[in-house]
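Here are my notes for your review. Please read them with the structure open.

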Amino acid sequence: MTEERIFNRSSATLFFSIFMVGIGFSIIMPILPYYAESMGASAFQLGLLMTVYALCQFIFAPFWGSYSDRVGRKPVLLVGMFGFTLTFFIFALANSLWVLFVARIAGGALSCATVPTAMAVMGDTSSPEKRGASMGMVGASMGMGMIFGPAIGSGLAHISLAAPFVMAGSLSVVICFCILFLVKESLPVEDRVSEAQKIDRAPLLKGLKSPLAFLFTAMFLASMAEATNMGTFALFAEGKLGFGPTSMGLIFSCAGLASVLVQGFVVGRAINKWGEEKTSGAGIILMASSFALFLQAKSLLELIIYMGIFSAGTGLIRPSISAATSKRTTGSQGTAMGVLQGYDSLGRVIGPSLGGYLLDMNLSYAYFSAIFFSGLAFLTLLFNRSRGKTKERENLLI
């Protein structure tokens, strides 16, 4: 597998599409808490707004992963982008809180087809040696979009709180056309699941009985910790230091820059040197450290630095666990990525609502819980590594 193979026109278009997804997703991040608050949402309801989105992803992501094994990657990518488009335009037209929930439900059910399918494309087209770098490039493309998105969103918020959603929806339309005309199908017809075979949701409980269970569990716990922060950070910063949308835009843009640098230039090299488990473990340590630092932050600069540490940590975690899953699966790439996305989404189901509930009780409680979940994720990886060494010693004695 050569660099030219990874960076051909089709994959470059895919990276650009994910970059645009990053812009569309992050353009609303500094605005959504205040947009929901303007319609009467509490911190707990804001957490539920994020939870219902992740819940729909949890339900549908494994199905879309399996479905892409049957019909190919490109149609499923288009479904995902249609979900993004629909969500943003409904948001822009919303005039009450229940409409925001409708938008999140529709978007969660459809948009979860995008990133895991893009990961499956990388699994289809990259060698095991290049797998980590390829997964990192998908994440870096998303992170690059998240550099520009928050700044654009906070700028457009001066026009109206609905303006960022109109812009995000318009960008999603552009992405749909890019995928339709420029992205090549990566799964040959002869490698697809037969039409006669039943498509199931790749039950998540079966994942816990597979050799990949520790990866799914670590992803779930790390995702829960990450989502606790993402679901409550804006309200935490507002309540602790009085920052609003403009400051949030700057913070999230800097976070996107840190994510790009790590996923584009560090994660592939780290995986090749240390392996997937050590790389993801290092990411979990960085993420947990950022939560502790948030609790004692006293200025905008400190929040920017600590959010950069957080993004560096998450930038190591997701690509390394995705690469490990892709390498070690004995089934189809789409199914494996769909199950992993399901556990990722399950963490994002619980994290925001729990974080919002705890934030309503005390500004610090949400971050104490995030540190706890990070610790469990790290222990999961550590336990599996110790068990693997024990098995190796047992095999040597046989």
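1. Start with Cys178. This is a predicted model, so every value below is computed from it. C178 touches T13, F16, S17 and V183, leaving aside residues up to four places away in sequence. C178 itself lies in helix α9. The residue counts as buried, because its relative accessibility is 14% and the cut-off is under 20%.

2. C178 and T13 are 165 residues apart in sequence. In space, their C-alpha atoms are 7.0 Å apart.

3. Next, S186. Where does S186 lie? In the loop between α9 (163-182) and α10 (204-207). Is S186 buried or exposed? Buried, with a relative accessible area of 14%. Its side chain makes a polar contact with the side chain of D124, at 2.9 Å. Not counting residues up to four places away in sequence, S186 touches R73, V121, D124 and T125.

4. Look at R328 next. Its side chain meets that of E276 in a salt bridge, 3.9 Å from N to O. That value falls inside the 4 Å cut-off. R328 lies in helix α14 (residues 300-328) and E276 in helix α13 (residues 276-294), so the pair ties together parts 52 residues apart in sequence. R328 is partly exposed, with a relative accessible area of 36%. E276 is buried, at 8%.

5. R328 forms a salt bridge with E277, with the closest N and O atoms 2.7 Å apart. This pair also links distant parts of the chain: R328 is in helix α14, E277 in helix α13, and 51 residues separate them. E277 has a relative accessible area of 19%, so it counts as buried under the 20% cut-off.

6. Helix α6 passes a length check. At 1.5 Å a residue, its 15 residues (97-111) should span 21 Å. The end C-alpha atoms are 21 Å apart, which agrees.

7. An α-helix has 3.6 residues a turn, so residues three or four places apart point the same way.

8. Last, the nonpolar cores. The largest has 101 residues, and those with the most contacts inside it are F233, M248 and F294. Helix α11 (residues 213-241) supplies the largest share of this core, 15 residues. F233 touches M248, I251, F252, F294, L303, M307 and Y367, not counting residues up to four places away in sequence. A second, separate core has five residues, including A61, W64, C112 and A113.

Technical notes: Residues numbered from 1 in each chain as written. Predicted model: local features only at pLDDT ≥ 70, side-chain atom pairs only at ≥ 80, totals over all residues. Heavy atoms only, no water. Helix = DSSP H or I, 4+ residues; strand = E, 2+ residues; numbered from the N terminus. Expected span 1.5 Å × (residues − 1). Buried < 20%, exposed > 50% of the residue type's maximum accessible area, 1.4 Å probe, protein only. Polar contact = N/O pair within 3.5 Å; in protein donor to acceptor, adjacent residues only side chain to side chain. Contact = heavy atoms within 4.5 Å. Core = buried A, V, L, I, M, F, W, Y, C linked by side-chain atoms within 4.5 Å.
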